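Open the model in your viewer and keep the selection panel at hand. The stops below say what to pick next and what sits there.

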Amino acid sequence: MSREHDYVMRTVEERGVRFIRLWFTDVLGMLKSFAITPAELETAFEEGMRFDGSSIDGFSRRHESEMLARPDPRTFQILPWREGEFGAARMFCDIVTPEGEPFEGDPRWVLRRNLERAHELGYSLYVGPELEYFYFKDSSADPVVLDRGGYFDLTPLDVAQEYRRQTILTLERLGIPVESSHHEVSPSQHELDLRHTDALTMADNVVTARLAVKEVAMEHGIYATFMPKPLESYDGSGMHLHLSLFSGDENVFHEEGAEFGLSKTARGFIAGLLHHGREITAVTNQWVNSYKRLVTGFDAPVYEQWGRHDQSAVVLVPAAKRNKPGAARIEYRSPDSACNPYLAFSLILAAGLAGIENNYDLPEGRLGDSPSVPAGTHRLPSNLAEALDAMEASDLVRSTLGDHVFKWFIRNKRDEWDRYQSHVSRFELETYLPVL
Amino acid sequence: MFVAVHPPSPSQSLISALLAAGLQPVPIGSPSEVTDRAPHQGFALAVVQVTDDLGLAIGTAGKLRSDHGLPVLLVTDRTNTADLDDLDGFDDFLLSPIDVAELRVRAARLALVGVEPEPEVLRHRELELNTATYQATLAGEPRDLTYMEYELLRFFVENPGRVWSRQQLLSAVWGYDYFGGARTVDVHVRRLRAKLGEERSSWITTVRSVGYRFG
């Protein structure tokens, strides 16, 4: 039993924790949890806890369904909600097969594998996400916003701010610092900017933050959603990612005196993102609904392009801060807050590294205010089917995700698309029925 | 007498001296390897050679003592002796070039005396760290720290008043198999400051373009 295991066991004992929740996500990034008691903790650390993987999306395999969840003691955290009579804590788990091998369908392992590869090249990836979400009255199919006139003014603006404040306090108690937060453009829409950390911790943090937002909302009798585009006439919820690449102490995206402070490495990384952007979009934007956000007119990215200010470009390069080379970063704007962060970070990293390793040329950026888009600029996929086509043809995506996740994801998403395609929408009825 | 030696490939002169002193050196890559590599009769002590990375040496020494109960003999050259002035985490030290007779005497004494027990409670003003239960309290109030936050804080409390670079802290606290990178230290320092509270956040000072200092 190592020291970090001992740390968890002693803390559970000292703090009167009664339940330890073991967390992991399915291939789509949905949080799965089962609880064990302190008495089972030692077994969990030594052998892992058995569970039936056949009921988890993307885990099922034909012959075997038994899996083991092995908790990562470094992620032990007392949960700030449901405190009091029954203290609860959580740990993220790595999923292993009964033979003790890492399970290839475990998204956390996919990310770990890719980060280790980057580490071998001397790089570590840091991510700072901007999480956007909506508060609604409930989860019914006709969303009711909480603030701003015209709709039901369920609560005054400052009450929603109070929910957000509570959420931030909860996140801080979970060890997730929030850099800033504000009310977003759309009614009832909010944004939390999480302070950057290494990519694995951040993927854990995003999953945790999504739950914390929903928990706090539930405590107040409202509903929080990360659905990418719940309101047709307003901006959707994205998850802009601020990315930086470090080699030891040094931010390798920065180069003093270079144009925009961008190093050759940074230019390669951006070129990789633009080159492979279409291929990875099915994962960074994994729902039919995701593509309703990626349209013009709503400050969402539409073009495989980079720029300084233009909101329709998928990569933005923020102004470099003087004397703060450590803060140099790029912003990748297409992902939405309903993606699986483990898989999304894996692919973003792989695309960026491919750009660095293969010396991709960085196309001309969109620097001025010119409204025209250069000829030959690719658009982001305009729907899930297009994104899946691009993904299916991509060696990069296949090797980054591994065969198991790659095949399952495509199968699952093709099925989602087929179900959507066979649905006759309100748009069609209203547009066609009266005239055809 | 078996001796755990860190780093796993120390200088040739240290290996020769150990053998000449009649000791049986076993190389270890990280403190956690001690358990796996221990011979049947166990290790009598650990010898840690200070290389360029003082943080790695001190961090390793501290873990060998507190987690594995091994007395630690630090081997350093004359350029580093001033650095050892206010450091804890080792039991004795030896200057290189090494005198074999001196090594034999010091090793034998350390093996006999064993490790000086670490106090159960480490204190810094109103902060208390209980090393037996891993609990941190501020003015008696428990604070929820993650394992790595606790370990970093413990390292700071045990080694106050000196500037540590990010790389030194990373090797001392995280160990060098960690792939998060040196920025991880900044992330944890920020979280520790938040958990210590605003009025105590200045306990950890940022030393520009060098690293951090505690206390």
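**Stop one: a tyrosine in chain A**

Select A:Tyr303 and look past its neighbours within four places in sequence: A:Ser312, A:Ala313, A:Val314, A:Val373, A:Thr377 and A:Arg379 are in contact with A:Tyr303. Bear in mind that this is a predicted model. A:Tyr303 belongs to strand 14 of chain A, residues 303–307. Is A:Tyr303 buried or exposed? It counts as buried, because 21 C-beta neighbours fall inside 10 Å and the cut-off is 20 or more.

**Stop two: the core**

Next, pick A:Leu125, A:Ala199, A:Val315, A:Ile348, B:Val3 and B:Ala46. These have the most contacts inside the largest nonpolar core, a set of 178 residues. Which element gives this core its largest share? Colour helix 8 of chain A, residues 341–357: it contributes twelve residues. As a rule, nonpolar side chains in soluble globular proteins tend to be buried together.

Stay with B:Val3. Beyond four places in sequence, its contacts include B:Leu18, B:Phe43, B:Ala46 and B:Ala107.

**Stop three: helix 1 of chain B**

Select residues 12–20 of chain B, which form helix 1. Its buried residues are B:Leu14, B:Ala17 and B:Leu18. Turn the view to look down the axis of helix 1 of chain B: the buried residues fall within an arc of 100 degrees, so they line one face. On the other side, B:Gln12, B:Ser13, B:Ser16 and B:Leu19 are exposed. What covers the buried residues of this helix? Show strands 1 (2–6), 2 (24–27), 3 (45–49) and 4 (72–77) of chain B, along with helix 4 (100–113) of chain B; the cover includes these. After the helix comes B:Gly22, with a positive phi near 80 degrees.

Move to strand 11 (residues 204–207) and strand 12 (residues 211–214) of chain B. They run antiparallel and are joined by four bridges. One pairing to highlight is B:Thr205 with its bridge partner B:Arg213.

**Stop five: where the chains meet**

Finally, show both chains. The contact takes 26 residues from chain A and 22 residues from chain B. On the chain A side, helix 1 of chain A supplies the largest share, six residues. By type, the chain A side divides into eight nonpolar, eight polar and ten charged residues.

Terms used. Residues are numbered from 1 along each chain as its sequence is written. Chains are lettered from A and ligands numbered from 1 in the order in which they are written. This is a predicted model: local features need pLDDT of at least 70, side-chain atom pairs count only at pLDDT 80 or more; totals for chains, interfaces and linings use all residues. Helices (H or I, at least four residues) and strands (E, at least two) are DSSP runs, numbered from the N terminus. A residue is buried if 20 or more other C-beta atoms lie within 10 Å of its own, exposed if 12 or fewer, and partly exposed in between; C-beta atoms are placed from the backbone. Two residues are in contact if their C-beta atoms, placed from the backbone, lie within 7 Å. The arc is that of the directions from the helix axis to the C-beta atoms. A nonpolar core is a set of buried Ala, Val, Leu, Ile, Met, Phe, Trp, Tyr and Cys residues joined through C-beta atoms within 7 Å. Two strands pair if DSSP finds at least two bridges between them. Ala, Val, Leu, Ile, Met, Phe, Trp, Tyr, Cys and Pro count as nonpolar, Asp, Glu, Lys and Arg as charged, and the others, Gly among them, as polar.
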